[in-house]
Structure formats: structure tokens, C-alpha cells
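The points proceed from the whole chain to selected parts of it.

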Amino acid sequence: IDGISDEPDAPGVADLVHGAASFENILTKDRLSRLHLVTTGDVGDDIPGLLNSQMLQSAVGALKQSYDHVVIDAGTCAEASLPAIAEMATRAFLIGGDAPIDDLQAAAADLRAAGFVYIAVLTGPPPPLDHAALQSTAA
């Protein structure tokens, strides 16, 4: 997200949860589209505490009320963190790249067991970006 944000050094959602930033401070824009972005911010060592924070639940709830779509990039978060994320968003996209199908099926089963209702698995290399088309849609 830092590479596409118009404010890569802006505070993120973890900073909001820790009281170091306001909601309006964490919203940035994608330089090539009309998307709004919120970075992770300074997570620190307490990822489970952050994920189970009422402030995070409230922030995601506010985003869901304000936007048609909210995407949470959970990266390679620990399996123990998945239920907290599933409470905020019941749909998951598992980006598998060239991972073996058995690994992807196991990961999808872990997501389902954590509470995700809809799981889309994306495999193979991503298609090349058409930067000219992206810039024309941002105008």
C-alpha cells in the first residue's frame, strides 16, 4: 500500500487503535485510482490485542458504512488471528500464486473453520497492469 498511497507515511489503523491518530488522519488515496487507503500503521508486538480491540471493530464498522467495499489485507497473519478478522469480514480472498493445490485447499479449510463464509482462491501470476487505463479511470 505504501507504494501506491499519496501519503505513504500517513498513520494507519493500528495508530488509530492506540490513540495516536484520528480516523480522518488514517485515510489516504491511491495515486492511480479513486480508491481510499488505510495502512496498517505501527502495529507493535500485540497483534492479538489489536485484532480483538473494540476500536478496530468500530473503525472497520465505520468503513463498512462509508464505503461499498472494504478490503482488509491480513497478509500472512497467524491462524489464531483469523476468527477476529472473520468477525469483521466474512469474505476472504486467498492469493495462492503458484502454491500447490493441497496447500491452498488446506489454507481455505483453515479460513472456513475460522468463520469465513465465502472464500475465493486466486492462483497463477497476476495479469500485467495497464497503467494508462488506470490513470484514465482515476480522472
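The numbered points below concern a predicted model.

1. Overall architecture. The protein chain contains seven helices and four strands. In sequence order, these elements follow the pattern α-α-β-β-α-α-α-β-α-β-α. Among the contacts in the protein chain with a separation of 6 or more, 67% join residues 24 or more positions apart.

2. Burial and surface. The protein chain has 139 residues, of which 28% are buried.

3. The largest nonpolar core. This core comprises 25 residues, and those touching the most other members are L56, L111, F116 and I119. At least two core residues come from each of α1 (13-17), α3 (47-51), α4 (54-66), α5 (82-88), β3 (91-97) and α6 (101-114). The greatest contribution is that of α5, which provides five residues. As a general matter, nonpolar side chains tend to be buried together in soluble globular proteins.

4. Surroundings of F116. Which residues does F116 contact once its neighbours within four places in sequence are left aside? The contacts of F116 are with L82, I85, A86, A89, T90, R91, A92 and L111. Two of the residues in this contact set deserve a cross-reference: L111 is, like F116, among the core residues that touch the most other members, and L111 is also one of the buried residues of α6.

5. Geometry of α6. Just after α6, G115 adopts a positive phi of about 120°.

6. The buried residues in α6 are L104, A108, L111 and A114. Viewed down the helix axis, the buried residues of α6 fall within an arc of 120°, and therefore line one face of the helix. Exposed residues on the other side of α6 are D102, Q105, R112 and A113. The packing partners of the buried residues of α6 are α5, β3 and β4 (118-123).

7. Is S5 buried or exposed? The relative accessibility of S5 is 2%, and because the cut-off for burial is under 20%, S5 counts as buried. A polar atom of the S5 side chain lies 3.0 Å from the backbone nitrogen of E7. The side chain of S5 also makes a polar contact with the side chain of T28, at 3.1 Å. With residues up to four places away in sequence not counted, S5 touches T28, K29, R31 and L37.

8. V70 and V60 are 10 residues apart along the chain, and their C-alpha atoms are separated by 8.1 Å. Not counting residues up to four places away in sequence, V70 touches L63 and K64.

Methods: Residues numbered from 1 in each chain as written. Predicted model: local features only at pLDDT ≥ 70, side-chain atom pairs only at ≥ 80, totals over all residues. Heavy atoms only, no water. Core = buried A, V, L, I, M, F, W, Y, C linked by side-chain atoms within 4.5 Å. Buried < 20%, exposed > 50% of the residue type's maximum accessible area, 1.4 Å probe, protein only. Contact = heavy atoms within 4.5 Å. Arc of directions from axis to C-beta. Polar contact = N/O pair within 3.5 Å; in protein donor to acceptor, adjacent residues only side chain to side chain.
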